[in-house]
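Here are my notes, point by point, for when you have the model open.

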Amino acid sequence: MAKGRKLRLGMAGGGEGAFIGAIHRAAAALDGDWQLAAGAFSSDAARNARSGEALGLDAARVYPTFDAMLAAERALPADARIDAVAIVTPNHLHMPMSVAALGAGFHVMCEKPMALDLAEAEAIAAAAAASGRQFALAFTYSGYPLVEEARARVARGDFGAIRLVQVEYSQGWLSRPIDRDGNRQAEWRTDPARAGLGGCLGDIGTHAFHLAEHVSGLRVESLCADLTTHVAGRQLDDDVSMLLRFAGGARGVLKATQVAAGDENGLKLRVHGESGGLEWSQMEPNTLALRWLDRPAELVRAAGPGLADTTAHRLRTPSGHPEGYIEAFANLYRAFAARIRAGEGTPEPALGAADWTPGVADGLRTMHFVERTIASAASESKWTAV
């Protein structure tokens, strides 16, 4: 790989009218590591062509299908073909596309959840191991600088042994049956064939679960869950509530809902130990609140004093200049690029490392969580092992 060159990215999905594809493209471009070079943006030929043209791509590299993109790009010289693919499709395509891309020799950045179910996630894990290529998963919130600061402070023992973990992800956009009124974003997320086993659970419950384990450094050992569908006729859950038991004795609560009418994107985390605790909110991401038993509360600010080195690496602007969702996503793409450039045989990055991103282990863990939550909600038993 030529030193310092931009990595070439191909995209599956994310064409005209899509939401998350544009986010991926903006994030990948932010630090100059990536260049969009090819894509199969839509199964609709006209929409696919318009998408490629709007993005300034050579029409010859706007492919009618994902398989066609893999075959044509693999046939190009090494100094011209794409290095990686971003899979930004509905969930039912994550496994076949990831397995095919890894098998063709391309690195993969995949949207979450990893797959439709745990068996599909395990197939991706096997393909990644066999290929030697990198697989990253877009659990975006782990890319926020102050999420890293929270994780680092818990890990170094600032709060003592952790006792309580409370995580909430509250949205209201599915409070009405817009999934039956032609809303494309809602339509596939409530369709079991395309979304998988969980609705709200898979879409945002996995984010909440991942954030809770990532920051606390603890693993959930068992849970007691309730899944509800409030909107009549909807096929998947739109509301999730559960109690959590963590290894080491900590207790937790997870609430995820998409029918809290009026709520926007309310992801919040609280972690408490023996001597104090922290609170972080995605809608105010540049502030981390610390509260103590024996001294005044503190507000830690992005790019302010006293931050861990691993946090500082994830910041781009001086204090008082807001950094948000795109920048958090860009941190994942920057780390993904660094790991690709390091080459095969590079040790698995530690949490907090400059080249760490959520990956195979995170994907397997969250898919296991989805399956055990569904089992718990269907069971008459109080607790279900994770």
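1. Glu344 is exposed, at 58% relative accessible area; the scale here, with a 1.4 Å probe and protein chains only, runs from buried (under 20%) through partly exposed (in between) to exposed (over 50%). Glu344 belongs to the loop between α11 and α12 (360–378), where helices (H or I, at least four residues) and strands (E, at least two) are DSSP runs numbered from the N terminus. Setting aside residues up to four places away in sequence, Glu344 touches Gly132 and Arg133, with contact meaning heavy atoms within 4.5 Å.

2. Some housekeeping before the rest. This is a predicted model, so local features need pLDDT of at least 70 and side-chain atom pairs count only at pLDDT 80 or more, while totals for chains, interfaces and linings use all residues. Residues are numbered from 1 along each chain as its sequence is written, and side-chain values use heavy atoms, with hydrogens and water left out.

3. Now for Asp238: buried or exposed? Asp238 is buried, with a relative accessible area of 0%. This residue sits in the loop between β7 (220–228) and β8 (239–246). Beyond residues up to four places away in sequence, Asp238 touches Cys200, Thr228, Thr229, His230, Val231, Thr257, Gln258 and Val259.

4. Ser51, in helix α2 (residues 45–54), counts as buried at 5% relative accessibility. Leaving out neighbours within four places in sequence, Ser51 has Gly15, Glu16 and Phe41 in contact. Asp58 is in the loop between α2 and α3 (66–75) and, at 49% relative accessibility, counts as partly exposed. Asp58 and Met109 are 51 residues apart in sequence, with 22 Å between their C-alpha atoms.

5. On to helix packing. Helix α4 (residues 94–103) packs against helix α5 (residues 118–131) at about 10°, the axes being 9 Å apart. That makes α4 roughly parallel to α5. For the conventions: axes are lines fitted to C-alpha atoms, for helices over the stretch in contact, with angles from 0 to 180 degrees between N-to-C directions; under 35 degrees counts as roughly parallel, over 145 as roughly antiparallel, 65 to 115 as roughly perpendicular, and the rest as oblique. On the α4 side the contact uses His94, Met95, Ser98, Val99 and Leu102, and these meet Glu120, Ala123, Ile124, Ala127, Ala128 and Ser131 in α5. The residues of this contact split into seven nonpolar, three polar and one charged (Ala, Val, Leu, Ile, Met, Phe, Trp, Tyr, Cys and Pro are nonpolar; Asp, Glu, Lys and Arg are charged; the others, Gly among them, are polar).

6. The axes of helix α6 (residues 145–155) and helix α9 (residues 200–216) come within 7 Å and cross at roughly 45°. α6 and α9 are therefore oblique to each other. In α6, Val147, Ala150, Arg151 and Val154 meet Leu211, His214, Val215 and Ser216 in α9. Here the residues divide into five nonpolar, two polar and one charged.

7. Then the rings. The whole structure holds 10 aromatic pairs, where rings of Phe, Tyr and Trp (its six-membered ring) pair if their centres lie within 6.5 Å, and planes under 30 degrees apart count as stacked, over 60 as edge-to-face and the rest as tilted. Trp34 and Phe336 have ring centres 5.5 Å apart and planes at 20°, so the pair is stacked. Trp34 is in strand β2 (residues 34–40) and Phe336 in helix α11 (residues 325–342), so the pair ties together parts that are 302 residues apart in sequence. Trp34 counts as buried at 4% relative accessibility, and Phe336 is buried at 0%. Tyr141 and Tyr144 are also stacked, at 6.2 Å centre to centre with 5° between the planes. Ring pairs link a cluster whose members include Trp34, Tyr141, Tyr144, Trp280 and Phe336.

8. Finally, some backbone geometry to check. Lys112 and Pro113 are joined by a cis peptide bond, with omega about -10°. Ala303 has a positive phi, near 65°, in a residue other than glycine; Ala303 is partly exposed at 29% relative accessible area.
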